[in-house]
Structure formats: C-alpha cells, structure tokens
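Please consider the following note alongside the model. It is arranged as numbered points for discussion.

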Amino acid sequence: MSIRYKIVWFTIANARLFYLKARRAHTSQPAGAGVSCAVSMKLTVDEVDMLRGKQGKAKQKAMEFLLRYGEALGAEQFADTNNVTLCICPEMESLRRITPALDMDEYISKDSLFSDETLVIDKLKAFTTSNATYRDYAYPELQKGGKDACDAAYIGEKYCQRIGIVTLNSCVPYQCGNIPTKGEHCAWTESSAIAYCNSIIGAKTNIEGSHSAFASAITGKTPLAGLHLDENRKGTIIVQVDIEMDDVLNWGLLGYYAGLQAGLEIPVYTNIKNIPDLFMLMSLGAAGMSSGTIALFHIPGITPEAATLDMATGNGKNISVISYGREERKKTHEIFNRSAKDDVDVVVLGCPHYSLERIAAVAGLLEGKKVHESVELYITVGRMQKAIADRAGYSGIIKNAGGVLLEDSCGTHLDIDPSKSTASDSAKMLHYLPRMTGVHDTFLGTLKECVTAAIMGKWTGRAL
Amino acid sequence: MKKIVLKGRKVFGGTAEGYALVTKDALGGMGVFDVSTGMVTESGNDWEGKVVTGKVLVYKTGKGSSSWAGWYKALSSMGTGPVAHVITKNNSQTALGVVLSRVPAVTELDQDPTEVISTGDWIKVDGDNGIVEVTKNQP
C-alpha cells in the first residue's frame with residue numbers, strides 16, 4: 001500500500017492546521033475485487049506526524065486505520081480524546097492461531113494494528129480503562145471455555161496493564177473512577193455505558209468497537225462525527241410515558257420498547273413523574289441499546305442536554321409521538337416471560353454490572369436464607385465493587401447463602417445448560433442470554449422477585 | 001429485467017455483486033449469526049435460517065452490542081460474510097464493521113434502499129462511486 005500526502009498550510013485563529021489529502025490505493029480485497037479509494041480529512045500537525053511515523057509505527061498504523069474509519073463515517077476531522085474504554089479479551093483459539101507463542105504484541109499488531117511486523121506499544125496517549133473481560137479467574141468451571149478462556153483473558157489483562165490501561169474490568173466505568181465531564185469527547189465501547197455516557201453524563205461518544213477504541217487510545221484521536229457533533233444530538237421522537245416509573249423493571253421495559261420502536265430516532269422520554277435513580281437510568285440505557293440503537297436519549301428536567309422539552313429537541317417541529325402505557329409494558333414484559341412452567345433453575349443478576357446498592361439489596365434479601373438446592377444464583381460485578389462488597393460483608397452473606405458473586409464476568413459467558421429456565425432482572429441480559437447460550441425458558445422480574453425465585457426455585461413474579 | 005439505480009455516499013470502496021437480503025429493521029451483530037456457517041440464528045430476525053454468505057445486506061442501520069463490528073470481521077475472516085452492505089443510515093457500528101471486514105458499502109442513498117430493494121433482487125454495489133444498481137427479481 002502506498003500513501004501520498006499533499007499538505008497545505010494555513011492559519012486559523014492562531015492555530016496552525018494542516019489540510020492533508022491522503023490518497024491510498026488498495027490493491028486487493030478478500031473477494032478479489034480491485035478497489036481504489038481516496039481519503040480526505042483535515043489533519044493537525046500532531047496527526048500528520050503520527051501518520052508519517054514520527055511518533056512510532058504503532059501510532060502510524062493506528063492513524064491509518066482511524067483515517068479509513070473516519071472516512072467511512074464521513075468525518076472531516078478528528079476530535080482529541082483523553083477518555084477511552086475498551087475491551088481486550090482475546091479468545092484462546094484466535095490467540096493461538098495468530099500467535100502460537102501467545103505473544104500479545106504479535107496478536108495486537110496483527111489483529112488490531114493490521115501489521116505483520118510485531119509492534120510494541122510502550123505508552124498510550126489517552127486515559128484508557130477496560131471493559132468487563134467476561135471471565136472471573138476464580139471460577140473457570142462456571143464460564144464458557146473453562147481454564148483456557150480464563151488464561152486468555154489473563155494474558156489480555158496483563159497486556160493492558162503493561163501498556164497503561166487501567167483495568168477496571170467493568171461494564172460500568174462511570175461507577176469505578178472513569179467519569180467523563182459534560183461535553184467531553186470519549187471513545188467508549190460497551191453499549192450500556194455508551195448510552196449512559198451520552199445521555200446521563202452528557203459526554204460525547206459514538207458506539208465504538210474494540211478496534212476503533214484501541215486506535216483512539218494509542219493516538220488520542222476519534223473521528224469528529226455522529227454523536228460528537230451537537231447537531232446530531234437533538235431528540236427526534238417523543239416517547240410519552242403514561243405509567244408510573246417506580247421501579248427498575250419499569251425502566252428496563254421502557255428502554256426495550258423504545259429500542260424496538262425508535263428506529264433511527266433519538267428518543268425524548270416525556271411525562272415521567274418519578275426521579276430515577278442510578279440503576280433505573282442504567283437499565284433504561286442498557287435495554288434501549290439491546291433491542292435497538294439508542295446511544296443517546298433525553299429526559300426533560302433530568303438529563304443534562306434537556307432542561308426543557310424544547311432544549312431536548314432543539315425546538316424541533318412536527319416531531320412524532322409514540323405512547324408507552326400499560327399495554328405496551330405488558331407486551332414487552334411478555335417477550336421475556338415465556339416459560340410454560342414456573343420452575344426456575346438459574347438466576348442471573350448484575351447486568352449491567354451491579355451497583356453497590358444492588359449488591360447490598362441482594363445481600364439483605366439473602367441474609368439468613370439459602371439459595372434453593374436446585375438453583376444456581378450468579379451476580380456479576382466489577383472488581384472494584386467486589387472489593388468493597390468483600391469488606392462490607394455482602395460477599396460473605398451471598399456466598400453463605402449459596403450464591404456466586406463473579407467479578408469482571410458477564411452472564412452471557414456463563415456455561416449455562418440451555419435446557420434450564422433462567423430468571424433475571426435485566427431486559428438486556430434476557431435479550432442476549434437466549435442468543436448466546438441457547439436458553440429458551442426465561443423470566444424477567446424485579447430484583448426481589450429474582451432473589452425470591454433463587455430461594456424458592458419457583459417463579460412468583462407478578463404479571464404486568 | 002427492470003433496473004433501478006440508487007446514488008449515495010461511499011462508506012467503504014470496492015465493487016461487489018450478489019443477491020440481496022433485506023430487512024426494514026436495524027441489524028444487530030452479537031448473537032445474530034453462527035459465524036462458522038454464516039447462518040442467521042437469532043430468533044425473530046427477518047433473516048432467521050438464511051445465510052448471509054455472499055449476499056448484499058440491505059438494512060436500516062446497526063444496533064445492539066458495541067461488539068457489532070467484531071462479529072462482521074469474524075464472518076469475513078471465516079469466509080462466511082456478506083460481499084457488500086447497503087445501509088439506509090450509516091452509524092459508527094456499520095462504518096467500523098465494513099472497514100474491518102473490507103467490503104464495499106454505500107449509505108445516504110437518494111431513496112431508502114430497504115423500500116426499493118427486495119430480498120432476492122440482484123445488487124451491484126460500487127462503493128467508490130456510491131452507486132447501487134438493483135435488478136429486480138421477477139416474481
């Protein structure tokens with residue numbers, strides 16, 4: 001591949017910028033079709049230096065990739081970012097295939113930097129934290145892939161730490177010390193965290209994947225497109241909520257319904273009379289990014305870019321309105337409650353990773369009780385919450401009752417027998433669990449209903 | 001054979017052709033495919049039981065897990081992926097997905113492709129010029 005740069009200097013408000021036109025010629029595609037394409041983005045001096053390899057080959061490769069990605073997004077320039085969250089958790093099979101010596105430098109070079117030459121990254125440009133790794137090393141037998149998968153995750157974690165990624169291993173980084181500020185440009189993976197980052201914090205991130213977030217971590221750049229631009233952040237559909245929103249379950253169901261209905265639109269949830277708490281908002285965002293693609297939503301009077309309805313919509317006119325009432329809630333609830341029997345075999349909690357409040361609530365319900373002998377109870381949390389739960393005594397209570405508190409892991413990666421009926425308090429978890437494990441009989445309820453099911457082995461949750 | 005030409009914007013360059021798989025829904029990544037066969041396994045998906053291998057995927061936008069692009073990269077690596085994407089509204093998931101899987105893709109067309117194209121139509125995608133040529137399948 002050859003690259004030719006045409007650089008034109010000019011000055012804007014005391015800042016010197018390069019306008020760079022890079023023209024690349026691809027010579028082949030997997031399908032054999034000949035391809036040529038032109039890349040055209042405005043670049044700063046720093047970005048050109050990286051592209052020219054003046055800051056090392058890894059940054060050069062990462063910038064080349066970001067240019068292709070930026071062009072695909074229709075971006076004209078990059079934004080600086082100093083806030084990345086990503087996931088580096090290789091599967092052992094692909095790790096061995098790419099690097100029989102299990103050399104993460106070689107793996108990352110080939111998989112993420114598109115370089116046959118092994119590149120060693122010594123320092124990232126952006127503050128970067130890690131998403132859940134899907135494995136708790138203490139319980140290899142409970143998770144898909146067993147010890148092999150845990151070993152691969154551990155190799156990935158050690159690599160992250162070596163290059164300076166803060167290994168939160170959490171899908172809720174905003175509860176663990178990675179808390180962006182309003183308006184900050186971020187490059188985040190993890191769909192539920194992305195919805196929270198945009199909607200509740202008012203920071204700006206597109207839905208990044210591991211490859212783009214990693215390139216952003218190396219370069220401190222992300223394409224200035226999509227939700228990084230204010231004009232793309234206005235609400236474009238109103239979801240009028242006609243029921244009480246008094247528990248977490250209701251918020252998850254609302255998000256799931258809106259995700260199914262909103263299509264390409266940005267919802268504004270109106271007529272909500274309850275002040276939501278942390279986990280309610282987490283559940284709303286997580287569900288809306290499971291059934292749909294709601295990476296940003298507004299709630300007038302609650303979320304930071306929506307002091308009023310007019311502000312949320314940018315004074316938009318003729319905005320369509322959909323209603324969410326009892327009937328819509330009932331139909332959404334029925335998507336997940338589809339078991340013909342009432343036996344519960346597995347209870348999975350902690351999606352997104354549980355907050356301390358939720359962990360404490362589970363411990364409170366389990367204190368002095370035992371999980372039914374035929375039931376498996378799993379609760380997934382980040383390692384920071386696990387450490388605090390250990391010292392606060394919650395972990396001991398849960399363990400004594402027969403539950404398993406897994407750190408860094410995810411319910412979708414549990415080795416669950418697909419014939420078992422499974423209950424959860426998370427619409428997101430029950431969206432993905434059938435798709436990832438093959439389970440069919442599911443129950444969605446409140447935290448209390450789920451813990452009760454774990455104790456009784458029966459579903460007694462209310463119909464909505 | 002009736003032909004329709006749609007014009008839009010390049011997401012990723014290259015040319016490819018194949019039969020269309022069309023949904024008026026957004027398209028997910030995680031939990032949608034058996035990557036080793038290219039078969040859509042997601043219950044309730046418009047394409048459930050169909051194979052995406054060699055097809056031109058026509059859909060509204062990307063949705064679901066942020067691992068979206070990784071699943072399309074995996075399909076491409078396994079040789080079970082689609083040959084092109086025609087996307088009503090490109091987002092960061094679809095942009096990254098086509099860049100990683102290196103297949104031509106077009107978006108922001110002059111008509112909504114999910115309304116104009118039907119499953120089974122023959123589609124030529126010219127990514128570089130943002131052109132999608134549709135040969136309607138005769139009923």
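1. Conventions. This is a predicted model, in which local features need pLDDT of at least 70 and side-chain atom pairs count only at pLDDT 80 or more, while totals for chains, interfaces and linings use all residues. Residues are numbered from 1 along each chain as its sequence is written, chains are lettered from A and ligands numbered from 1 in the order in which they are written, and side-chain values use heavy atoms, with hydrogens and water left out.

2. Strands of chain B. Strand β10 (residues 131–135) of chain B pairs with strand β1 (residues 3–7) of chain B in the antiparallel sense, over five bridges. Strand β9 (residues 122–126) of chain B also runs antiparallel to β10(B), and five bridges join the two. Helices (H or I, at least four residues) and strands (E, at least two) are DSSP runs, numbered from the N terminus, and two strands pair if DSSP finds at least two bridges between them. Within β10(B), B:Ile131 stands opposite B:Lys7, and B:Thr135 is the bridge partner of B:Trp122. The hairpin of β9(B) and β10(B) has four residues between the strands, and B:Gly130 there takes a positive phi near 65°.

3. The largest cavity. The structure holds five cavities of 30 Å³ or more, and the largest has about 90 Å³ of space. On a 1 Å grid over the protein atoms alone, a cavity is a set of points where a 1.4 Å probe fits but cannot get out, and a pocket is an open set with protein on both sides within 12 Å along at least five of seven lines; lining residues have an atom within 4 Å of a point. Grid points are joined across faces, edges and corners, and a volume is the space filled by probe spheres set on the points. Of the 16 lining residues, A:Gly252, A:Ser283, A:Asp425, A:Ser426 and A:Ala427 lie nearest the centre of the largest cavity. Because domain 2 (234–334) and domain 3 (337–456) of chain A both give residues to the lining, the largest cavity lies between them; the domain bounds come from an automatic or database domain assignment.

4. The second largest cavity. About 60 Å³ of space lies here. Its lining includes A:His431, A:Tyr432 and A:Arg435 from chain A, together with B:Glu42 and B:Lys63 from chain B. The greatest contribution to this lining is that of α15(A), with three residues.

5. The second largest pocket. This pocket has about 600 Å³ of space. It is lined by 27 residues, and the closest to its centre are A:Gly226, A:Leu227, B:Lys89, B:Asn90 and B:Asn91.

6. Aromatic pairs. Rings of Phe, Tyr and Trp (its six-membered ring) pair if their centres lie within 6.5 Å; planes under 30 degrees apart count as stacked, over 60 as edge-to-face and the rest as tilted. The count comes to 12 aromatic pairs over all chains. A:Tyr174 and A:Tyr196 are stacked, because their ring centres are 3.8 Å apart and their planes at 5°. In chain B, ring pairs link B:Phe33, B:Tyr59, B:Trp68 and B:Tyr72 into a cluster.
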